[in-house]
Amino acid sequence: MCAMRPEPGHEPGAGSAGEKGIFPRQATPRQEDPGPSGRQGAASASVWDQPGWKAVLTPDEIRRALTRIAHEILERTHGGAGVVLLGIPTRGVYLARRLAARIAEFEGTPAPVGSLDVTLHRDDLRLRPARALQRTQVPPGGVDGTTVVLVDDVLFSGRTIRAALDALNDLGRPRSVQLAVLVDRGHRELPIRADYVGKNLPTAYREKVRVQLTEIDGADSVLLGEPAREGEEDR
Amino acid sequence: MNRHLISAGDLSRDDAVLILDTAEELASVGGRAIRKLPTLRGLTVVNLFYEDSTRTRTSFEAAAKRLSADVINFSAKGSSVAKGESLKDTALTLEAMGADAVVIRHPASGAPRRLTDWVSGRVINAGDGTHEHPTQALLDAFTIRQRLGGGGALGAAAGHGDLRGQALDGIRVTIVGDVLHSRVARSNVLLLATLGAQVTVVAPPTLMPYAVDSWPCRAGYDLDAELRKSDVVMMLRVQQERMNAAFFPTVREYRRRYGLDVSRMALLPEHAIVMHPGPMNRGVEIAAEVADSDRSTIVAQVANGVTVRMAVLYLMLGGAAEEAA
């Protein structure tokens, strides 16, 4: 697989200076939903300066969608007993926390929240440089025998969720696993569907969906755009 | 961009912090029911050890196995090397077997560097002669950050804060002992300096390298004075096999001037930790009571060795085989 390519410039002690590094690095680990094409994150910051993004969900709509999902979770799980919310980093974690806060508010029973990093279980690791890991934090009670609700921002190819199911498998044996997403944009490549959907958003394959949340982006919004082809690494 | 890990000096500050952060996340795998990740499934890691080692070899082996890589252990004893095979021929054999990474320990300084010309996989230096041992330095840095980060000398609030992204700025590290022959010392000086620590090496004059002036550290000869202003003291093994070369008169004299015993440990600041890369000579460079005290991180260092090596293997092998454009 790899052509022999001895690199110049790693004389021992050559110093720590400059751009070089042993490991290739992504700008930001996760932008939107994955997918074989979806987000080769590198363009992340600059994408925002480009025109052509339009808001498809307002902060109020996001708030209402989450409130509805929280109610649906309570309904489907008969009051939320034994529910553990696991957010998929980065933005799924914040969504999971918001859902947990609502569940606590509506029903008075706090739902344990955690995060589940799926990087090490992805099927597209070899397609791009090694990526920084995000935090995996399982609530103290663990996941055995619970109803795990995976929470992510955008559902696209379904590959992230497949990876999440594998990752979850190594953590324990939940009684059942459900999926909540803020946006379902279609184009599934695996037999996976969400149990709770904030908004079904018909998109073209090459369009990009970006979820912004107050916790890290300063404001809530869901944007749809078609970034310029130039500079993209996709395919 | 480098493909290999030969020297701790190859690592930029960002690289080093990324490795520590990755290790931080991977540490939780060790505490789970299923200590295995599928990440490096189908890749082959060869442990090529021309020198004896228990800790480093088993630690690399455990790290590779936890990431589901296939591991081939190759030690010079009992192999064709004993029949006189050269490093190059061995390398070509490994190449033919399709090694994706070669972890090499060799008595000759520079052997891993040479190996990079002969194999297409990635080469990780697991100790070469008196040159370097970069993964040991990484696990030492990880241990320092774990014990002193988020509190103590790193300044932030006490308790276990989020260590991610933190380097070791301002931490005062004193490395004591046989600096001349120590690859651990060389790698640590380079890496810890890269991470912003203030490093001092202390050694008997006969065991201080000539070129120490060109290292990114201070050199000192008075252990007691240095201990008072250290957050970390790292004791190096006295390489007993070199005792006949008369680098110091007697073990007793060495112990008296450069050994860490209980009374010396009392000179350290309250929060300071004692490290040792192992294997220890109890009663020579470090007293048994010190090695077994709360301040000693020697056992933690071994445990951290596996997670740090997992991080290195993941970052070197987990991504695209060829660097992206």
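Colleague: Between which two elements of chain A does the loop with His78(A) lie?

Modeller: His78(A) is found in the loop between α2 and β2 of chain A. Helices (H or I, at least four residues) and strands (E, at least two) are DSSP runs, numbered from the N terminus. This is a predicted model, in which local features need pLDDT of at least 70 and side-chain atom pairs count only at pLDDT 80 or more, while totals for chains, interfaces and linings use all residues. Residues are numbered from 1 along each chain as its sequence is written, and chains are lettered from A and ligands numbered from 1 in the order in which they are written.

Colleague: Why does His78(A) count as exposed?

Modeller: A residue is buried if 20 or more other C-beta atoms, placed from the backbone, lie within 10 Å of its own, exposed if 12 or fewer, and partly exposed in between. His78(A) counts as exposed because it has 10 C-beta neighbours inside 10 Å. Ser68(B) has 15 such neighbours and so counts as partly exposed. Over the 235 residues of chain A, the buried share is 44%.

Colleague: Which peptide bonds are cis?

Modeller: One of them is in chain A, from Pro89(A) to Thr90(A), with omega near 5°. Thr90(A) belongs to the loop between β2 (83–87) and α3 of chain A. Another is in chain B, from Gly278(B) to Pro279(B), with omega near -10°. Pro279(B) sits in the loop between β9 (273–275) and α10 (288–291) of chain B.

Colleague: How many helices and strands does chain A have?

Modeller: Chain A has five helices and eight strands. From the N terminus, the order of elements is α-β-α-β-α-β-β-α-β-β-β-α-β. For contacts, the test is whether the C-beta atoms of two residues, placed from the backbone, lie within 7 Å. Of the contacts in chain A between residues at least 6 apart in sequence, 70% join residues at least 24 apart.

Colleague: At what angle do helix α2 and helix α3 of chain A pack?

Modeller: Axes are lines fitted to C-alpha atoms, for helices over the stretch in contact, and angles run from 0 to 180 degrees between N-to-C directions. Helix α2 (residues 59–76) and helix α3 (residues 91–107) of chain A pack at about 60°, with their axes 9 Å apart. The pair α2(A) and α3(A) is therefore oblique; angles under 35 degrees count as roughly parallel, over 145 as roughly antiparallel, 65 to 115 as roughly perpendicular and the rest as oblique. Residues of α2(A) in this contact include Leu66(A), Ile69(A) and Ile73(A), and those of α3(A) include Leu99(A), Ile103(A) and Phe106(A). The residues of the contact divide into eight nonpolar, two polar and three charged. Here Ala, Val, Leu, Ile, Met, Phe, Trp, Tyr, Cys and Pro count as nonpolar, Asp, Glu, Lys and Arg as charged, and the others, Gly among them, as polar.

Colleague: What is the order of the open sheet of four strands in chain B?

Modeller: Strands of a sheet pair through backbone hydrogen bonds, either parallel or antiparallel. Two strands pair if DSSP finds at least two bridges between them. The order in this open sheet of chain B is β2-β1-β3-β4, with parallel pairing. Its edge strands are β2 (70–75) and β4 (122–128), each pairing on one side only. The twist from one strand to the next averages 15°. Strands β1 (residues 44–49) and β3 (residues 101–106) of chain B are joined by five bridges, and Asn47(B) has Val103(B) in β3(B) as its bridge partner.

Colleague: Which strands of the open sheet of five strands in chain B stand at the edges?

Modeller: The order of that sheet is β7-β6-β5-β8-β9, again with parallel pairing. At the edges stand β7 (218–220) and β9 of chain B, each with a single partner strand, so one side of each has no neighbour in the sheet. Neighbouring strands are turned by 25° against each other on average, direction ignored. Strand β5 (residues 172–176) and strand β6 (residues 198–202) of chain B pair over five bridges, and Val176(B) stands opposite Val202(B) in β6(B).
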